[in-house]
Amino acid sequence: MEEKYDVVVVGGGAAGLSGALTLSRARRSVLVVDAGAPRNTPAGHVHNYLGREGTPPGELLAVGRAEVTGYGGEIVTGTATSAHRLEGSEGFRVLLADGREVRARRLLVTTGLVDELPDVPGLAERWGRDVLHCPYCHGWEVRDQAIGVLADSPMAAHQALLFRQWSPRVTLFLHTAPKPTDEEYEQLAARGVTLVEGEVAALETTGDRLGGVRMRSGELVPCQAVVVAPRFTARAGVLASLGLEPVEQLAGGHVIGSYVPADPTGATSVPGVWVAGNVADLRAQVIVSAASALNTAAAINADLIAEDTRHAVAAHRGGPEPRSDHAERAPGDHHHTPAESTASMFDEQAWEERYLSRAAVWSGRPNPQLVAETTDLPSGTALDVGCGEGADALWLAERGWRVTAVDFATTALRRGAEQAGALGAEVAGRIDWVHADLTVWTPTSGHFDLVSAHFMHLPGVQREALFARLAASVAPGGTLLIVGHHFSDLETTMPRLNVPDMFFTAEEIAHSLDPDRWDILVTDARPRPAADPEGNEVIIHDAILRARRRP
């Protein structure tokens, strides 16, 4: 191995090789460190990979390795155990289990995930053959066969209905999972899914084929394939040394596994460290993992080009070497890079992790501009958009408003409901707590006397679409109140996302409203004092739009 590479890729599956191929073709020095334990080894073939349909996993990797080395990339067998930032340098030191060490300017981690299987005797031995989980990976191969679905999670009814598309002979073993709801019972019956109560004792084989499911009662139910719901756990050990830990992935309100948060390019909250494939997206199939790593590799190359250019300009001018965007920031440097901030801004689980990390994230006081702009309004129906832990909703409800409080963080909603309960049944009864993703959720049109959205900073297209839906939900004679951080805050020491597209002015929002339907009452960049993370008092500005919809 060379002393230092542009990029070290940890993990040599489809994602790692795809990223390495892209970077090698970009004339970057690349090393892939691969432990040789791909997740899909038990499977006979890779499916839904256009042009490679039905290819054995080992063959796909062999072809990929040859392609990477054909463009000058290097591949070594080994297990990366830890990574550490090089002190005073733009790069990392990666340690391997056998004592070898390699250095890199950037890290791309594509270590995938581990399928944690239900603890049922005979199950693990058949994994990837006739014990399955994904109908898109294996459904065609078990079409029209007798398929059993092992209910060990609340998603079991969903799995049974899903596999019913591939076979009319589906049996749901209720096992240890909660019983289906009345609605699910009806759906299963309508689709002809057989239900078997009782706990499963083991899977039994005949020769080298699955024979059936043995119940605790002793009964053997014939099955040719069994569907399970593993827990998908990110292989993120090498990232722990850099302070990156996986967070739980939810589906239908239930934990199905873990992943490492990253922004859409794969950049993590640690500058210079990127992730792709199943370690960042546990739902990704092989072709999706490969595609995501291609995009991430392009982003890494762009990042390196920017760094190379900074150094070239500094050398051209004869000045000192520029400070890297990826060097350790000094205490008090609170400006966020886009990769750090966007990695978690729009991710439900990242917000869950934030709320669970402390007893309270927000102050518990209502937003000051809400108080300033709505105190004189008569109570009615209100929509609190991005309600967090509910301070605004509680303040409105105490003043007689009937509030719909919306957020995608369940912990925040639960805390808000608990606070409402502490204020008494009358206040609690005035608030409906709604779990929803505001980037896609649509409120009832023309329903609310007040629609309040504070600090909803989204990319321009998404923001415009959201604000249009919010405006449409205001009842005739009602009030629209939108408040955001003003872009001038970027010049202060307050932590703000340094992406101009995420900011807006009150005038921009006012311009988007139909002048024949709206009266603009307030457009302001209103100053107020605040304390930065070091405790220093600064003056920040809120962009405020208040508009009244004409009757």
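Residues are numbered from 1 along each chain as its sequence is written, and side-chain values use heavy atoms, with hydrogens and water left out. Because the model is predicted, local features need pLDDT of at least 70, side-chain atom pairs count only at pLDDT 80 or more, and totals for chains, interfaces and linings use all residues.

**Aromatic pairs**

Rings of Phe, Tyr and Trp (its six-membered ring) pair if their centres lie within 6.5 Å; planes under 30 degrees apart count as stacked, over 60 as edge-to-face and the rest as tilted. By this rule there are 3 aromatic pairs. Two of them are tabulated here.

| Pair | Centre to centre | Angle between planes | Class |
|---|---|---|---|
| Y136 and W166 | 5.5 Å | 85 degrees | edge-to-face |
| F467 and F504 | 5.4 Å | 85 degrees | edge-to-face |

Y136 sits in helix α3 (residues 135-138), and W166 in the loop between α4 (156-163) and β10 (170-173), 30 residues apart. Helices (H or I, at least four residues) and strands (E, at least two) are DSSP runs, numbered from the N terminus. Y136 is partly exposed at 49% relative accessible area, whereas W166 is buried at 18%. The cut-offs are under 20% for buried and over 50% for exposed, with partly exposed in between (1.4 Å probe, protein chains only). Ring pairs also bring in F163, giving a cluster of Y136, F163 and W166.

F467 lies in helix α14 and F504 in the loop between β24 (474-485) and α15 (506-512), so this pair ties together parts 37 residues apart in sequence. F467 is buried, at 6%. F504 is buried too, at 2%.

**H457**

H457 occupies the loop between β23 (448-454) and α14 (460-472). H457 is buried, with a relative accessible area of 10%. Its side chain reaches the backbone nitrogen of H485 at 2.9 Å.

**The sheet**

Seven strands form an open sheet of mixed pairing, in the order β22-β21-β20-β23-β24-β26-β25. Two strands pair if DSSP finds at least two bridges between them. β22 (431-435) and β25 (518-531) stand at the edges with a single partner strand each, so one side of each has no neighbour in the sheet. Strand β25 runs antiparallel to β26 (residues 537-549), joined by 13 bridges. A525 has A543 in β26 as its bridge partner.

How values were computed:
Polar contact = N/O pair within 3.5 Å; in protein donor to acceptor, adjacent residues only side chain to side chain.
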